[in-house]
Amino acid sequence: MVKLTPELINQSMQYINPCRERELDLRGYKIPQIENLGATLDQFDTIDLSDNDLRKLDNLPHLPRLKCLLLNNNRILRISEGLEEVVPNLSSIILTGNNLQELSDLEPLAGFTKVDTICLLINPVSTKPNYREYMAYKFPQLRLLDFRKIKQKDRQAAQEFFRTKQGKDMLKEVARKSKLSAAAALAAEAGSGKGRGPDGGRLANPEDMQRIREAIKRASSLAEVERLSQILQSGQLPEMFQHEQEAGQGQNGSAHNGSGTVAMEY
């Protein structure tokens, strides 16, 4: 296995692909986890991470230019939540030959509003009953699924199916499994020592995650966006970040309180 270092990124092949997009080729290194992609300086439209040893799709930095992720022939079985915050313009994600098992495993992709091409061939999930109907229903902007066009009649059929009791029950079951999977992932991280870092941090709750997303929107530098994005992806709230938030709230309070009384906000 090879660690994905800034040096490896800089030494890897870079070229203009047939779609006239700038592409970074990181194929075949048997990379075990995504890291250090901030070293790309957001200079690529496509990043090819095929034929590696990835088990999770996570830890992406803020890459607003990125449009296409190629992840063929890895071992991906989990997709992190919140990725749409760091790669907001992603339009194509190719996951052929991975290990995604359940429809609930695809829930984190629902946050992407610009993804119009998804490939899940040779994943167990692609053999699930009503898989194609679910994808057409859950991703209304999707044009190509497994390199087959989703037509208007497919969308209409999916809408009709999910109005039935069977379809509604299926959506409830997917939502239930999605919550269980998220809880299991957090428990696994806590059990492996990731729940509390060396700086005394803790696992982020949904309110924390929302505050981080708001902080990313307000960030005034790329370095700050990178740091906040890493916190968002890790799901762990460093103690330093907690102190920064408390200090920020204190400054806001003092800005409205010049004489020891709380000023009204209109």
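Visitor: Which residues are linked with R27 in a network of salt bridges?
Guide: R27 is linked with D48 and D51 in that network. Before we go on, please note that this is a predicted model, where local features need pLDDT of at least 70, side-chain atom pairs count only at pLDDT 80 or more, and totals for chains, interfaces and linings use all residues. Residues are numbered from 1 along each chain as its sequence is written, and side-chain values use heavy atoms, with hydrogens and water left out.

Visitor: What makes R65 and D45 a salt bridge?
Guide: A salt bridge asks for a side-chain nitrogen of Lys or Arg within 4 Å of a carboxyl oxygen of Asp or Glu. For R65 and D45 the N to O distance is 3.1 Å, so the pair meets the definition. Side chains of opposite charge can pair when their charged atoms come close. A search of the whole structure finds 13 salt bridges.

Visitor: Where in the chain do R65 and D45 lie?
Guide: R65 is in the loop between β4 (56-57) and β5 (68-70), and D45 is in the loop between β2 (22-25) and β3 (46-48). The pair links distant parts of the chain, 20 residues apart. Helices (H or I, at least four residues) and strands (E, at least two) are DSSP runs, numbered from the N terminus. The chain has eight helices and twelve strands.

Visitor: Why is D45 called buried, and why is R65 called partly exposed?
Guide: Buried means under 20% relative accessible area, exposed means over 50%, and partly exposed is in between, using a 1.4 Å probe and protein chains only. D45 has a relative accessible area of 8%, so D45 is buried. R65 has 34% relative accessibility, so R65 counts as partly exposed. Across the chain, buried residues make up 42% of the 266 residues.

Visitor: How do you know that K177 and E102 form a salt bridge?
Guide: Their closest N and O atoms are 3.4 Å apart, so they pass the salt-bridge limit. K177 lies in helix α5 and E102 in the loop between β7 (92-94) and β8 (117-119), so this pair ties together parts that are 75 residues apart in sequence. K177, at 28% relative accessibility, counts as partly exposed, and E102, with a relative accessible area of 25%, is partly exposed too.

Visitor: What separates R176 and E173 in helix α5?
Guide: About one helical turn, because R176 and E173 are three residues apart in helix α5. They form a salt bridge, with the closest N and O atoms 2.6 Å apart. R176 is partly exposed at 42% relative accessibility, and E173 is partly exposed with a relative accessible area of 32%.

Visitor: Now for the rings. How many aromatic pairs does the structure hold?
Guide: The structure holds three aromatic pairs. Rings of Phe, Tyr and Trp (its six-membered ring) pair if their centres lie within 6.5 Å; planes under 30 degrees apart count as stacked, over 60 as edge-to-face and the rest as tilted.

Visitor: Why is the pair of Y134 and F162 called edge-to-face?
Guide: The ring centres of Y134 and F162 are 6.4 Å apart and the planes stand at 70°, so the pair is edge-to-face. Y134 lies in helix α3 (residues 131-138) and F162 in the loop between α4 (152-161) and α5 (165-191), so the pair ties together parts that are 28 residues apart in sequence. Y134 and F162 are both buried.

Visitor: Which residues touch the most other members of the largest nonpolar core?
Guide: L57, I118 and M135 do, in a core of 48 residues. A nonpolar core is a set of buried Ala, Val, Leu, Ile, Met, Phe, Trp, Tyr and Cys residues joined through side-chain atoms within 4.5 Å. The largest share of this core, four residues, comes from α3.
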